[in-house]
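Q: Hey, could you help me read this structure? I'd like to go through it bit by bit.

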Amino acid sequence: MALAFDDLPEVALARDLLRRWFGLDLGLSNPDGSGYQRRSHATCDTIAGAKAAACDAMLRDIATRFSASRVANAQEAGAIARTCHAGFVIIAAPVYGHDGLLGVVYSSGARSGPVDLTGVLGCSQDESERLVAAAPVLTDTDILRARDLVAGAAAAIERVQPAKVTPTTFTHPFTEIVGDAPAVRDVVKLLTKVVKSEATVLVQGESGTGKELIARAIHYHGPRGKKPFVVQNCSAFNDNLLESALFGHTRGSFTGAVKDQKGLFEVADGGSFFLDEIGDMTAALQVKLLRVLQEGTFMPVGGTKPVKVDVRIIAASHKDLATMVAHKQFREDLFYRVNVLKITVPPLRERVSDIPRLAQHFVNKHCEGKPLLRLSQGALARLVAYPWPGNIRELENEIERMLVLAGDAQELIANMVSPRVAGTAIAPARPLRDVIATAEADALVAALGRHTGDRDAAAADLGVTRGYLDARAAALGLGAGS
């Protein structure tokens with residue numbers, strides 16, 4: 001966890017700004033609050049050395065409060081500010097993981113009012129005043145800013161923590177179907193009955209929801225599982241080519257037909273035929289398909305003898321066939337023939353709880369023999385927040401893209417998620433010093449604005465000297481003081 005803390009750019013930025021603006025350092029404790037080591041200045045070290053147990057006790061108490069807040073589902077927003085045994089301010093923010101509190105990001109050693117260390121250290125009044133004077137002073141506004149920086153560092157650590165996919169207790173024989181959302185459970189419950197029958201099935205659902213996966217489950221878990229499973233997308237060919245593909249043709253039936261060719265219905269004899277996007281089939285072909293469903297026979301293109309087959313039809317469409325029937329765009333008699341058993345596949349936005357499991361499934365699927373990568377909490381949060389108009393197919397494509405970008409990394413992190421999914425635009429890379437300078441300039445401008453250009457008041461507001469403010473303003477191109 002220390003590496004994840006020290007190496008994160010957001011943490012480095014927060015630490016640099018805390019040091020520049022307030023003279024404070026940034027540290028990370030253990031989950032129980034132990035590990036109070038990064039103190040901001042010599043005075044803080046002196047106090048901790050005199051009463052280390054009291055300093056540690058404060059951080060442990062804060063950690064206990066954060067743990068209790070999480071358990072009670074009443075997590076405190078952002079960072080909190082508390083006063084230690086010596087009267088100095090400790091600002092802390094929790095880092096949560098899937099198993100609870102992972103640690104506490106803290107910054108300590110500032111004072112917000114009068115502090116007397118004579119009782120704490122047993123020193124003289126002069127010595128107490130000298131030590132107190134060495135500690136930075138924070139106004140209420142400064143404390144709010146410092147809380148934001150500490151909270152931002154804690155949030156950055158949370159985002160890179162490995163995501164955890166909660167194990168499911170939902171079991172079923174259809175291992176190719178991943179998920180246990182209520183909508184998926186309904187589909188599986190219906191499938192257990194459908195696979196036992198020989199009836200025609202209509203699978204409806206948006207593009208990318210896994211309609212072919214459902215069709216394969218029906219075939220391979222049913223009585224025809226050892227027979228052929230044939231797939232044809234009805235929108236892939238024009239009318240003539242689709243007719244030839246479905247029903248076959250005889251030699252000489254059209255230019256280029258140099259020999260007899262079996263159609264896919266004949267290839268699927270004894271098995272199942274999955275007709276995807278049946279709603280895109282023309283009226284003429286709908287008539288021929290209706291005959292196959294009614295009589296079990298068809299006529300090859302250019303043929304004179306009907307061919308008899310025993311095929312179970314599984315049709316699918318992303319269109320509402322009932323509405324198409326009402327608008328005379330799909331034959332009513334064919335609709336009733338294919339709509340014997342209907343399975344509606346839910347879109348991914350209606351099974352959001354399955355996104356973590358599906359994402360990890362696709363990571364495992366596409367690692368291609370390489371060590372399995374972890375999904376970070378930040379990456380998973382972005383995946384879960386996206387509406388997925390392309391459904392499961394779009395999610396799988398996104399995971400493949402992230403795996404390519406990962407290279408030799410051991411986990412998939414938030415910035416590997418595409419801008420489309422993350423809801424962000426691609427920003428040009430900027431050096432850290434430029435980011436820090438921009439943040440510092442924004443803080444200086446805001447302080448000067450609050451005090452209508454009074455640089456003494458602005459310097460006091462920011463907790464820096466007037467000379468330091470003038471120097472930084474000049475360096476940042478904000479003009480010299482007067």
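Q: Which residue is the bridge partner of G27 in β4?
A: That's Y106. This is a predicted model, where local features need pLDDT of at least 70 and side-chain atom pairs count only at 80 or more, while totals for chains, interfaces and linings use all residues. Residues are numbered from 1 along each chain as its sequence is written, and side-chain values use heavy atoms, leaving out hydrogens and water.

Q: How many bridges join β1 to β4?
A: Two, and β1 runs antiparallel to β4 (residues 100-110). Strands here are DSSP E runs of at least two residues, helices are H or I runs of at least four, and both are numbered from the N terminus.

Q: What's the strand order in the open sheet?
A: β1-β4-β3-β2, with antiparallel pairing; two strands pair if DSSP finds at least two bridges between them. β1 (27-28) and β2 (80-83) are at the edges with a single partner strand each, so one side of each has no neighbour in the sheet.

Q: New topic: at what angle do α15 and α17 pack?
A: About 50° for α15 (residues 355-366) and α17 (residues 391-406), with axes 9 Å apart. Axes are lines fitted to C-alpha atoms, for helices over the stretch in contact (heavy atoms within 4.5 Å), and angles run from 0 to 180 degrees between N-to-C directions. That makes α15 oblique to α17, since under 35 degrees is roughly parallel, over 145 roughly antiparallel, 65 to 115 roughly perpendicular and the rest oblique.

Q: Which residues of α15 make the contact?
A: I355, L358, A359, F362, V363, K365 and H366. On α17, the contact residues include I392 and L403.
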